[in-house]
Structure formats: structure tokens, C-alpha cells
Amino acid sequence: MAEQQLPERVTMGLLPYINAHALDEDYAAAAEQRERTATGQRRKVGVRGAAVLAIFAVLAVVAGLQTSRNSSSAERERRELISQVKSQRAAVTEQRRTIEALQGLNRRLEDQLFANSGSSNGLLEQVALLGLRSGIAPAKGPGVLIVADDAPDAESDRNRVLDSDLQKLVNGLWQAGAEAISINGERLTALSAIRHAGTAITVNFTSLGRPYRISAIGNPDQLPARFAETTSGQAWLDLQREVGLRYSLKTQSSLRLPGADVPQLRYIEDENGKNKFGRDEE
């Protein structure tokens, strides 16, 4: 029977064995345990980290591709819009040139028509006279200039010029023989209205500011006296005296009145059932 080898702690004795191996074995066991733990953690962190990094990389690539795609699409749309704007501007410019050319051609044809007509002189005079009477043609001539304004330090509407006051003044001038009238540059016609709109007086749907300058073409030697004799003239003298409205009248050797806008005729017709454009009524 083979002799059994005894453990070292038996042969060495307990105390020497403890001195020689107790601390080394404990340190070795603790180091081995830390190595196993660290290895396991590195393996776990490494797998998860790789997965996260892969996902993040995929997302970054997708986002980059999408951003690049959107940028390219926006740039392409911007270029298309710019191209459309340029094209439309060019078309509008061309149409304006065509309109101007047609308007010029129309004027030349009208002049040729009147020049070739035997009664052109009489027709032109009639057209000019109708323009003056209707108020759509500019007019000039002697007359009177009236300036009407609110009372100084006006505190109520009665101390201010009202639309009815201007209506009385204009009616008095017509009655006195005025042939053309404008208020602050607005030519009066048969369709003109003088009325209050909010806090302003409007003429031809245009708001006017005070003071009100009324230009009337007519006989400057007769208009002031005839106007003072009318009931409207007397009413204005009463307004000046009783409520303090300011009023002045001066004769003028030359006045220039603008023409009114030409109204669009839709329903008026002549005796033959045709309107002024010569079209049959539908």
C-alpha cells in the first residue's frame, strides 16, 4: 500500500502553515472573485452598448437622409415658385404693353374717324359741350372761390359745417348761375351726393377735410350778388351770424376744375333701345 502523502498544513505544523498561506490564499480568492465579476459586467455592458450604438447609428443615418431629402425638395419647390413668379410677371408686363398699344391704336382710330367725317367739327364740339355739362370734362373759367369752415373753438355740431350747410351753399350757387362747381377738388355732377359719413363730409364718396373750398365757375360780377339774394345765401349769412361759421367769398379771374370720374352706365338707353356703347339690350 502506497504511503499517503500528508497535507502540507500537517507536515508544516499549524502555526507555520498559517503564517505562510493564510493571507495569500484569501487575497487570491478575493482577486479571482473580482476578476469573474468584472468579466461578466464587461460582457453585459459590451453587448448592450453595441446594440444601443447600432440603433443610434441607424437613427442618425435615417435622420440625415431625411434631412437631405427635405432640403432638396424645399430647394426644388423654391426654384419652381421663383420661375413661376418670373413667368407671370413677364406675362403681365406683356399684357400691359398690349393694352397700351391697343389704347393708342383706339385713340388714333377715333381721331381718324372724326377727321374723316364731314361733321367731325360739330360732333367734337357737341362731345366737348356734353363733357362740360355732365361734369366729366375738366373745366376752366372765371368765377368765385368760397371758403367755409367751422366756428372758432367749436364745441357742438351746430358750430361745425354740416353736410346740409354745404348742400345749401351749392344749391344757392347753382341758382345764382354757376356753371360748374367743385368742393375741395371733387367735381359735382348730377350723381354727386354731399353727406355725412361718420365724422367727415363726403362728396362723390370721398371724405373731405375742413376748411371747405368751393370753386364755382360763372360770371364773377353777378354770382356774389345773386347768391346773396337766394334763400341759401340768406341761410348762410344767418349761420355766420348766429353760430359763428366762417365764410368768405372772393371773385377769381381764372379757376380750373377737374373732371369727375365717368360713371358706368348699365340701364340707361336711347330711344332706339341701345345704350351709349351701341349694344342692344339683352
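I looked up H4 against H6 first, and the two helices are oblique to each other (angles under 35 degrees would be roughly parallel, over 145 roughly antiparallel, 65 to 115 roughly perpendicular, and the rest are oblique). This is a predicted model, where local features need pLDDT of at least 70 and side-chain atom pairs count only at pLDDT 80 or more, while totals for chains, interfaces and linings use all residues. Residues are numbered from 1 along each chain as its sequence is written, and side-chain values use heavy atoms, without hydrogens and water.

I got the geometry next: the axes of H4 (residues 163–176) and H6 (residues 231–242) come within 8 Å and cross at roughly 140°. Axes here are lines fitted to C-alpha atoms over the stretch in contact, with angles from 0 to 180 degrees between N-to-C directions. Helices are DSSP runs (H or I, at least four residues), strands likewise (E, at least two), numbered from the N terminus.

Which residues meet? On the H4 side I listed Asp165, Lys168, Leu169, Asn171 and Gly172, and on the H6 side Ser232, Ala235, Trp236 and Leu239 (contact is heavy atoms within 4.5 Å).

Then I checked the largest nonpolar core, which has 27 residues; Leu169 and Trp236 are among those touching the most other members. A core is a set of buried Ala, Val, Leu, Ile, Met, Phe, Trp, Tyr and Cys residues joined through side-chain atoms within 4.5 Å, buried being under 20% relative accessible area with a 1.4 Å probe, protein chains only. H4 gives the most to this core, with 5 residues.

Notes:
Buried < 20%, exposed > 50% of the residue type's maximum accessible area, 1.4 Å probe, protein only.
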